[in-house]
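Visitor: Take me through the helix packing here, with the criterion behind each term.
Guide: Gladly; here is the structure.

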Amino acid sequence: MIQLTQLVKQYGRFTAVDRLTLTVPRGTLFGFLGPNGAGKTTTMRMIAGILRPTAGSIEIGGVETWREPQAIKAMIGYIPDRPFVYDKLTGAEFLRFVAALYGQAGSAVERRMDELLELFELGPWRDEVTGSYSHGMRQKLVIASAFVHRPQLIVVDEPMVGLDPVGARVLKDLFRAFVRRGGTVLMSTHTLEVAELMCDRIAIIARGQSVAEGTMAELRAESASGNESLEDIFLRLTGARPPHALDAVLDV
Amino acid sequence: MSEYPVAPVPRAPGVWTVLAPKWRGLFARWLRGGEIGSVALFAALACGFWGILFGVAYRVLQYLAGLSVGMLLAQKILDAVLVGFASVLLLSNLIAALSTFFLARDLDLLVAAPLNWFRLYLSKLIETAVHASWMVVLIALPIFAAYGVVFKGGPLFMPVALAALLPFLVLPAVLGSALMLVLVNVFPARRTRDLLGVIAVAAAGGLVLLVRVLRPELLFQPGGLGQITASLEALHVPAGPFMPTRWVSDMLMNWLQHLADPLPPVLLYTSAAAFLIMGGWLHGRLFRTGYSMAREGSDRFGADTALGRLVTRALAPLPIARREFLLKDLRLFFRDPTQWGQLILVVLLVAVYVLNIRALPIFSHGRAPLFLVTLIVFLNLALSGFVLAAIAARFVFPAVSLEGRQMWLLRSAPVDARALFRSKFWMTALPLTALGATITAVTDLMLRASPFMVFVSLGTIVVFTVAATALALTFGTFYPQFTSENAAQIPTSFGGVAFMMSAVSLLGLIITIEAVPVAGYLRARQFGDDFGVSPGVVAALVGVAALCAATTVVSLRLGMRRMEELEF
């Protein structure tokens, strides 16, 4: 479904994504892991068509994204890491606006909006401006907006942040059901337990480059013991060390 | 719990430390390589703008210097200018104080920190004053310089002028912040909608009062320059001995006349110090309650009014995306008090302007002289153009910035960025052009302008407004303020001021080109000749149309390209 080839993104002299090559098969829930600043958000924003790659290519469904941006974007539902929505629009108005951006309107959209708002328990707040929503409610609204136009691919950046346990459960069930029906999800997360439980395949990136990619079993098979947890694999591959300077921080 | 070692409380940070993120951020932006072009463009525009202001002030003062009462008249003009500055400063400090003291994103961090409250007050006051005053300083400097040059103030005049300006800027900053502090405490639960409505109406009322006290129409009484001088003498500037504006003008004029009077600077500095102490005291008493009230939620429900339903039905024939985009912009505009508060202000300003044209005494003695009417119609064109450019700065320039942090949605949706830009252009150009044409037509009618002048003024205002809208939108796309906390502050950003300077320069160029056929027309009518449409007249008018068309097309192309490339 997604094919990244030698993808590069530079901000001035800083290289955020460095010759990244990755394949996300259709009908999979694909976990995209990496430490802070590894280039995950930049990669996802390039896939969503927000940022232009400095070099390399992104193909979705076999079509180069910068060649047919409108057609590609119509297939994607993008959920950013921070849920910025228009503060002065109500939840219902926001969803109606997003549907319109994808060329959809009318009674079918109104029905779908109601279903999504109910699913995320936002029904009672549908006519309140989003400025009065909590962070978690905004996050749920943005997730709902990504599904309003019935996409084939969901690109989601850190979806669990701010969600209550019920919301997190709804989201996991939604993603799994979406994938069972042939949809594809590319999800970045720092919650390794969630990735381990939910994802069909996982890629780990560090310093803008892919350091590992495969199913959990394939990732484990590459380790010496063969039964490492995802956390151990992640720490080993990204070169991260456990905290060692606690005393220095806490002592007066 | 009790065994946990407790660090000693450190010394409370000073004002400079609290302001560090602001000034460091500013320096970092200016020193960044990519901004050198912007700085150079701004410097060039500022030099041109200063040159024009200095030139006009110099010409007027030089004329006055030749008169026996020149010094007195020069002081009257200075008083009038300073009164204008004071009212603008008070209003802009009031608007800026709402953001810096109550809406800014750094406030939660600062209020939670063990910060001395008076230092917090001082740092936020400095921030408010800088936001609100820098444009006034930009305009004041060339005017003061002209006074210094014409009346031979010497090399120390500008330092003296700056010394007079500093306490003059502190006073409205303290007053505006104190007023906002009281208002936030009076209006419960963040009713900023009512708050800004009150401010806008009060400001407009104050402006009407100021204009009526000044009675500027006296300057246009028939009777030539001698009469203008007499009118200047009769100008009632509210600048009594207790007004800080008078202390500033006394300080400057005393220096120019080599009079040693320590009273004006002493009054200025002691008043500023006293205001600071009183403002700090009030802040200590009211800020914590006001800040807490400002956090207590806002209007929760999006009102679905009958007018809203009517507009939705009226827009039904439009394509889905365009319709919802338009509806979204309208909803955001009318639900944002910082936006529609300005709209009230603009409507009242336009009303004041039209009423003043009506109050002109040119028809009081029967038939008005053609020269005066034509001159006023031409001046009216320039003033209307300026007003429209200011409105474009207020409402068109922020159009892209207001998409703000929600740009991710528009960029990830299958919406053509160029179509988005075009939609924003037409949405703002059409109402603005209609407004411009209406103001010009109504005032032309009031002035009983000749058909030739009606044609010139109406045609010019239409092409200029379209060009100014395109310029404003493009400048707004090149210098967006995606993280601004208050829409009212976006026009006073770097890009907003650069746009105003460009629009005023374009207007100046248009007026200069059109002055030739208008002068020819006047000469012909004055001497009873027939005024034929000569090739020169056609060339000038076509030239203006071509200039505006080129500005529109080039701006739109650059803006659309930028909109596509915009990364955030």
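This is a predicted model: local features need pLDDT of at least 70, side-chain atom pairs count only at pLDDT 80 or more; totals for chains, interfaces and linings use all residues.

Visitor: What makes the crossing of α5(B) and α10(B) right-handed or left-handed?
Guide: α5(B) passes α10(B) in a right-handed crossing. Residues are numbered from 1 along each chain as its sequence is written, with chains lettered from A and ligands numbered from 1 in the order in which they are written.

Visitor: At what angle do helix α5 and helix α10 of chain B pack?
Guide: About 115°, with their axes 10 Å apart. Axes are lines fitted to C-alpha atoms over the stretch in contact, and angles run from 0 to 180 degrees between N-to-C directions.

Visitor: Which residues of α5(B) and α10(B) meet?
Guide: B:W117, B:F118 and B:Y121 meet B:G280, B:H283 and B:G284. Contact requires C-beta atoms, placed from the backbone, within 7 Å. By class, three are nonpolar, three polar and none charged. Gly counts as polar; Trp, Phe and Tyr count as nonpolar.

Visitor: How do you know that the span of α4 of chain A agrees with a helix of 13 residues?
Guide: At 1.5 Å a residue, α4(A) should span 18 Å, and its end C-alpha atoms are 18 Å apart, so the values agree. The expected span is 1.5 Å times one less than the number of residues.

Visitor: Which residues of α4(A) are buried?
Guide: A:M113, A:L116 and A:L117 are buried (20 or more other C-beta atoms within 10 Å of their own). They cover an arc of only 100° around the axis, so they lie on the same side of α4(A). The arc is that of the directions from the helix axis to the C-beta atoms. On the other side, A:S107, A:A108 and A:R111 are exposed (12 or fewer).

Key. Helices (H or I, at least four residues) and strands (E, at least two) are DSSP runs, numbered from the N terminus. A crossing is left-handed if the near helix is turned anticlockwise from the far one by less than a right angle, and right-handed if clockwise. Two residues are in contact if their C-beta atoms, placed from the backbone, lie within 7 Å.
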